[in-house]
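This report describes a protein model from its overall composition down to individual residues. Please keep the sequence and the structure in view while reading.

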Amino acid sequence: MIRLKPSFRIVAVLSILSALGSTSEASAAGTSRADLYQQSDRAEALVVRVTAPSTEGAGVIFHLDERYAYGFTAKHVVYQQGKNVVGLRVDFRALHGSLPAEVDRLHFEKDLAVFRVDLSSLGLSLAEIRRAIPLDQLGSSVDLDPGDPLGAVGHSTAGAWLTPKEPVRFARKDAADSFLFELQCPQGHSGGGVFDAEWRVVGMMIDEERPYCRSLRIEAILKIIQGWKLEVDLRPPPKQKTDAALEKDVRVAVVDFDNRSGRDLPNLGFVAQDITTTFLYTVPGVVLVTRDRLESVKKEHGIPGVIQAGSGATRVGHLIKADALITGSILRYEVERRKFEGFGTNALQDISHMAISLQMLDVETGTVRFSKTFDVERTKQYPKATSAPREPIDRTSELLTALLDQAQAELKSALQQIGAGLNRAGQFIQVPIASSPAGADVILNGVFMGNTPLNLQMTLAEHEIEIHLGGYEPWRQRVKVQPGLTLSARLVRK
């Protein structure tokens, strides 16, 4: 291998970046790829070749720091005959380099492993490497339907990057954590990336099931990686159809979900915290503080487990350099089993009910930006009671996901307010809000903030205030916040 001086390597990388940033307008006669695949270069830059004397596969980069690149691949690529493969190397298409690598984590139930590569020998800065390896390509496999076009990037045994010239198609859901698509996975594709029509990563190829290829879903991959307390840089593209990017990146820590349901489910709070973290990965502009970092700071400074609004939250937030803290409580988790007998029927229903309280704390002001309770109910029908399991199926993850779906619009709104406040640091005004009668709900710009009387930290801008109390007409007013402002609503009975 020819070794270039650092200055020449930087020039080479910048040339590659320029090529990646340009958009080709070649006609159909000048290219053999379908239109869908003319922008696959960025996806190919995210995928790496993983080799050793005894193995051949691919991987997908998910995190970069000052020294290492971290990627995920199929476990069987890097772990064989009961031990890690020897002589592991990773080839970066975007960096034109082959570097030694080592296995960092293995998951023995899923075909998943994490490897890391020391990049220090390249002589490149982290910014230069981040420009070469685009990490803004996180997608979702949840909404894929049969026939949807997909892209797959792997490798041949000869070392070439392989991208199908025509779209492959989503076939069907295979299990909770995997799906099948129409591709006979050639050797070297294990661990390679699966991408949607907009070249956002939605899975990783793990094995063949002719005439299909099986892929592990990106959601399952990230959940496992988060459980290993590894940082993830993969993010959705900054411009999305449904989500407006925050005015400024907001550093968020998810902390201290506790279980107040009375049910003996010791991991329930942790699962809720984990699902909330997974949801936040899809919000453009959110930078997550890892759980490992949070716990380390709490232990170092002797901070108790539960963090409340006020000075305690402000102290923790400043220590971990977070702008917002999200916390919550499982208030209720019940499963009721109902039997229906008679008139020739012997049916059974399991009705699961869960309620959760969520809060978002603004570190800068020490105030609650968002606080609300959500609840959800799901019913599982068994036409014959004999077909039902002896005990109801555990549906906590499903229920928690449904609760976060309810909360996501208001969470995003609160995050946008915090992001806007960061751009106008020091321009907060404390506004006392009261009502007669007291105890009414206060809604600021569509986000529930608490009950009257209360003081709100508000930016110097126009805001929509609503005050609601059962049995009274809603009170609404658009106000321009300025020093000395107070609001008092006299509510009128319906």
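Two strands are taken as paired if DSSP finds at least two bridges between them. The model discussed here is a predicted one.

## Barrel and strand pairing

Strand β2, residues 55-64, and strand β3, residues 68-73, meet this condition, pairing in the antiparallel sense over four bridges. Within this pair, V60 stands opposite F72 of β3. In general, the strands of a sheet pair through backbone hydrogen bonds, in either a parallel or an antiparallel manner.

Both strands belong to a barrel that six strands close in the order β1-β2-β3-β8-β7-β6, with antiparallel pairing. From one strand to the next, the twist averages 40°.

## Overall composition

The secondary structure of the protein consists of nine helices and 28 strands. Of its 494 residues, 51% are buried. The accessible surface comes to about 23,800 Å², and carbon and sulfur atoms account for 49% of this area.

Contacts in the protein were also sorted by sequence separation. Among those with a separation of 6 or more, 65% are between residues 24 or more positions apart.

## Nonpolar cores

The largest nonpolar core contains 91 residues, and F72, F92 and I133 have the most contacts inside it. Helix α9, residues 396-423, contributes the largest share of this core, with ten residues. Apart from it lies another core of 20 residues, which includes L454, I467, W475 and L491.

Helix α5 spans residues 218-227 and is mostly covered, with seven of its ten residues buried. These buried residues are I218, A220, I221, L222, I224, I225 and Q226.

Just after α5, K229 takes a positive phi of about 65°. K229 is not a glycine, and its place is in the loop between α5 and β16, the latter covering residues 250-254. K229 counts as partly exposed because its relative accessible area is 44%, a value between the limits of 20% and 50%.

K321 is found in the loop between α8, residues 311-319, and β19, residues 324-342. Its relative accessible area is 62%, so K321 is classed as exposed, the threshold being over 50%.

Q349 is found in strand β20, which covers residues 345-362. Q349 is classed as buried because its relative accessible area is 14%, where the cut-off is under 20%.

The side chain of Q349 makes a polar contact with the side chain of Q381, at 3.1 Å. Leaving aside residues up to four places away in sequence, Q349 touches E336, R337, R338, F340, T379, K380 and Q381.

## Cis peptide bonds

A cis peptide bond joins S436 and P437, with omega about 0°. P437 lies in the loop between β22, residues 428-436, and β23, residues 441-444.

The peptide bond from T452 to P453 is also cis, and its omega is near -5°. P453 lies in the loop between β24, residues 447-451, and β25, residues 454-459.

Methods: Residues are numbered from 1 along each chain as its sequence is written. This is a predicted model: local features need pLDDT of at least 70, side-chain atom pairs count only at pLDDT 80 or more; totals for chains, interfaces and linings use all residues. Side-chain values use heavy atoms; hydrogens and water are left out. Helices (H or I, at least four residues) and strands (E, at least two) are DSSP runs, numbered from the N terminus. Axes are lines fitted to C-alpha atoms, for helices over the stretch in contact, and angles run from 0 to 180 degrees between N-to-C directions. Buried means under 20% relative accessible area, exposed over 50%, partly exposed in between (1.4 Å probe, protein chains only). Contact means heavy atoms within 4.5 Å. Accessible areas come from the Shrake-Rupley method with a 1.4 Å probe; for residues, only the protein chains shown count as cover. A nonpolar core is a set of buried Ala, Val, Leu, Ile, Met, Phe, Trp, Tyr and Cys residues joined through side-chain atoms within 4.5 Å. A polar contact is a pair of N or O atoms within 3.5 Å; within protein, one must be able to donate a hydrogen and the other to accept it, and residues adjacent in sequence count only if both atoms are side-chain atoms.
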